[in-house]
Amino acid sequence: MKTRYIDLFLSKKGLEISTLSESTAFNTIEPPILESHSDFNIKIAAPDDVYLIKEISEETAAAAALRGTGISGRPPEYLAEKIKNGDAVIALAADGSWAGFSFISSWDQDRYVSNSGLIVAARFRHTGLARKIKEKIFELSRQKYPDAYIFSLTSGLPVMKMNHELGFEPVTYSELPSDENFWKSCQSCVNCAVLESKNRKNCLCTAMRYEPQNMK
């Protein structure tokens, strides 16, 4: 019944799970790819990768401006800390250039872990890279926090589809962390006023959560 509910939920959002391919989904929100690449090195970030911060921040800002909704910015120093602590995933193309990024954060004394900041460089979109990064960051979350709820807030249909395939289910905002610092991270999003006007009980983003195996 849960699977049927999620299929109906995503279908109402405009996404047909059974018929819509990943490339088709990304075509609805992203510009045409300029290059085609299939070989990427997707790895857990290390301190030596901090030099990529400027490029990651600029690409995230550009994507937020293009979409106009649903992307929260993060200060470069915050992202640098994630990279240094091994709390991020970085993708590099075959020629060594930066291709993608995502990071995790823990909340409420490690009871919750967020998968955030998924971004793919414009010229590497429509290659399936976003899915590979999503799988890697999910794997990292489970390795570092095996007993935590893993959650994601997104307004993007492709990310909802990827979350669904990994076992995430739609939840209400009451099932997200109560940590005040978590909610402060939404302040840079253009939809923050909507969130605050609804007392943090709802927004334009869809909340999805994965329960650890020991909770199922």
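This is a predicted model: local features need pLDDT of at least 70, side-chain atom pairs count only at pLDDT 80 or more; totals for chains, interfaces and linings use all residues.

Colleague: How are Phe-151 and Phe-182 placed in their aromatic pair, and where in the chain do they lie?

Modeller: Ring pairs are described by the distance between centres and the angle between planes, and planes over 60 degrees apart count as edge-to-face. Phe-151 and Phe-182 form an edge-to-face pair, with 5.3 Å from centre to centre and 80° between the planes. The pair links distant parts of the chain, since Phe-151 is in strand E5 and Phe-182 is in helix H7 (residues 180–184), 31 residues apart.

Colleague: Is Phe-151 buried or exposed, and is Phe-182 buried or exposed?

Modeller: A residue is called buried when its relative accessible area is under 20%. Phe-151 has a relative accessibility of 1%, so it counts as buried, and Phe-182 is buried as well, with a relative accessible area of 4%.

Colleague: Which residue has its charged end over the ring of Tyr-149?

Modeller: The charged end of Arg-209 sits over the ring of Tyr-149, 4.0 Å from its centre. In another case of this kind, the charged end of Lys-134 sits over the ring of Phe-168, 5.4 Å from the ring centre.

Colleague: Now to the sheet: what is the order of its strands?

Modeller: Strands of a sheet pair through backbone hydrogen bonds, and they may do so in a parallel or an antiparallel way. Here seven strands form an open sheet in the order E1-E2-E3-E4-E5-E7-E6, with mixed pairing. The edge strands are E1 (40–44) and E6 (169–170), each of which pairs on one side only.

Colleague: How many bridges join E3 to E4, and how many join E4 to E5?

Modeller: Seven bridges join E3 to E4, and these two strands run antiparallel, whereas E4 and strand E5 (residues 149–154) run parallel and are joined by three bridges. Val-113 lets you follow both pairings, for Ser-106 stands opposite Val-113 in E4, while the bridge partner of Val-113 in E5 is Ile-150.

Colleague: What joins E3 to strand E2?

Modeller: Five bridges join E2 (residues 88–93) to E3, and the two run antiparallel; the bridge partner of Ile-90 in E3 is Phe-101. E3 is mostly covered, with nine of its 10 residues buried.

Colleague: Which residue takes a positive phi in the hairpin of E3 and E4?

Modeller: That hairpin has four residues between its strands, and Asp-108 takes a positive phi near 50° there. The hairpin of E2 and E3 also has four residues between the strands, and in it Gly-96 takes a positive phi near 90°.

Colleague: Where does Asp-110 lie, and which residues does Asp-110 touch beyond those up to four places away in sequence?

Modeller: Asp-110 lies in the loop between strand E3 (98–107) and strand E4 (112–120). Leaving aside residues up to four places away in sequence, Asp-110 touches Tyr-145 and Ala-148. Its relative accessible area is 42%, so Asp-110 is partly exposed.

Conventions:
Residues are numbered from 1 along each chain as its sequence is written. Side-chain values use heavy atoms; hydrogens and water are left out. Buried means under 20% relative accessible area, exposed over 50%, partly exposed in between (1.4 Å probe, protein chains only). Contact means heavy atoms within 4.5 Å. Two strands pair if DSSP finds at least two bridges between them. Rings of Phe, Tyr and Trp (its six-membered ring) pair if their centres lie within 6.5 Å; planes under 30 degrees apart count as stacked, over 60 as edge-to-face and the rest as tilted. A charge sits over a ring if NZ of Lys or CZ of Arg is within 6 Å of the ring centre and within 35 degrees of the ring normal.
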